[in-house]
Amino acid sequence: MSLSFKSLGFLLPLVVFLALAGFLLKGLWLDPREIPSPLIDKPAPEFRLESLENPGRQIDRKDMLGKVWLLNAWASWCVACREEHPVLVEFARSATIPIVGLNYKDTRVDGMRWLAQFGNPYVTSLYDEAGRVGIDFGVYAVPETFLIDKQGVVRFKQIGPVTPELLHEKILPLIQRLNA
Amino acid sequence: MDDSMRVTRGHGLRLRDAARALAAVLLLAAVATGAMPSVATAREAPEVGSDPAAERHMMQLASELRCLQCQNQTLADSNAPLAVDLRQEIRELLAKGQTDAQVKEYLVARYGDFVLYRPPLKSNTLFLWFGPALVLLAGLAALFLTLKRRLARLEAAQSNQELSDAESQRAQRLLEKEAEEGSLS
């Protein structure tokens, strides 16, 4: 036993190398831009903002309690949002749950023009001109999307555009589970 | 006898060289970690704060926090819109009398531990904190064992070379006998 262990000792550096290479290989498939949100499974932060379309109307966190909903941070200046937008418009058509927009660091004029041009999948958009609510939600790169349950708890966060695959493989099953 | 002496001396030299090289590496490592910049100096962003001392305090705190939009910059260095906003946020929190720890907590609650340039000591960061030291210790242990084994082998070889008087006389006799037999045949 000790003899065979000794004679295989020369393989040790190879084993160490392979382990290291394995970790590095895994690292190739990790996206450093995807930072796990500390908000998952925690109550969504409080917010109270004016609606983008309807400046007099205030919307706060309590208004959304009792339903499963998506919060989608977007901006007219955001290029990736254009890529994502048709997916959301399509999703809103089937309308299983409300999508609320978080119009992040934008101007009303630009935001409204953008919605008129590309379609409006949102029941309403929160107008976060200063980006304060964005900070509370830990938004650091639009688009970002949060799935929030009936109790107002954040269940899922997508950083970057929502894709049809993500919608069907992850978000829809999760919505079904949360609505059950 | 001379040969064996040379072997011993050569061996001692190699050991000493290895020790010296190791010391140099350790020194370099210490210098490198000690000389790591802890406070960022670049400050291009326009400063909004009016009180220079408060501004300095804010920038020092911001230099320990990561900008999430441009991940290899601190909040102090970065001109990304989010970094500018967060600096303003830190400024206001500090003005309200919050401590550095409270400000960090505020940011960690929103962005996670990733905003901290110094990761906290937690169960899932144990390897991060102590892994390098463990690897270093393992390396030193391997080096020590290898050198020890080599020393033992050399000593064994050396003692094999040294013949006692009786042995050398016997060897001499054998050689002479062989030479005689060789000349006979």
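User: Which residues of α3(A) are buried?

Analyst: In α3(A), the buried residues are A:Cys81, A:Glu84, A:His85, A:Leu88 and A:Phe91. Buried means 20 or more other C-beta atoms within 10 Å of the residue's own; exposed means 12 or fewer, partly exposed is in between, and C-beta atoms are placed from the backbone. This is a predicted model: local features need pLDDT of at least 70, side-chain atom pairs count only at pLDDT 80 or more, and totals for chains, interfaces and linings use all residues. Residues are numbered from 1 along each chain as its sequence is written, while chains are lettered from A and ligands numbered from 1 in the order in which they are written.

User: What do the buried residues of α3(A) pack against?

Analyst: They pack against β3 (69-74), β4 (99-104), α4 (108-118) and α6 (164-179) of chain A. Helices (H or I, at least four residues) and strands (E, at least two) are DSSP runs, numbered from the N terminus.

User: Where does the kink in helix α3 of chain A lie?

Analyst: At A:His85, with a kink of about 35 degrees, shortly before the proline A:Pro86. The bend is the angle between axes fitted to the seven residues ending at a residue and the seven starting there.

User: Why is B:Ile90 called buried?

Analyst: B:Ile90 has 24 other C-beta atoms within 10 Å. The cut-off is 20 or more, so B:Ile90 counts as buried. B:Ile90 belongs to helix α3 (residues 81-95) of chain B.

User: Which residues is B:Ile90 in contact with, leaving aside its neighbours within four places in sequence?

Analyst: B:Ile90 contacts B:Met58, B:Leu61, B:Ala62 and B:Val103. Contact means C-beta atoms, placed from the backbone, within 7 Å. B:Leu61 lies 29 residues from B:Ile90 in sequence, and their C-alpha atoms are 8.5 Å apart.

User: What is the order of the five strands in the open sheet of chain A?

Analyst: The order is β5-β4-β3-β6-β7, with mixed pairing. At the edges stand β5 (124-128) and β7 (154-159) of chain A, each pairing on one side only. From one strand to the next, the twist averages 20 degrees.

User: What makes β4(A) and β5(A) a pair?

Analyst: Two strands pair if DSSP finds at least two bridges between them. β4(A) and β5(A) have five, in the parallel sense, so they pass the cut-off. A:Thr124 in β5(A) is the bridge partner of A:Val100. α6(A) packs on the sheet, touching β6 (144-148) and β7 of chain A, and its direction makes about 165 degrees with that of β7(A).

User: Which residues touch the most other members of the largest nonpolar core?

Analyst: A:Leu70, A:Val142 and B:Ala62 do, in a core of 52 residues. The largest share, five residues, comes from β3(A). Such a core is a set of buried Ala, Val, Leu, Ile, Met, Phe, Trp, Tyr and Cys residues joined through C-beta atoms within 7 Å. Not counting residues up to four places away in sequence, A:Leu70 touches A:Ile97, A:Ile99, A:Val100, A:Thr145, A:Phe146 and A:Leu147.

User: How many helices and strands does chain A have?

Analyst: Chain A has six helices and seven strands. Chain B has six helices and zero strands. Of chain A's 180 residues, 34% count as buried; for the 185 residues of chain B, the share is 14%.

User: How many residues of each chain does the contact take?

Analyst: The contact takes 12 residues from chain A and 13 residues from chain B.

Technical notes: Two residues are in contact if their C-beta atoms, placed from the backbone, lie within 7 Å. Axes are lines fitted to C-alpha atoms, for helices over the stretch in contact, and angles run from 0 to 180 degrees between N-to-C directions.
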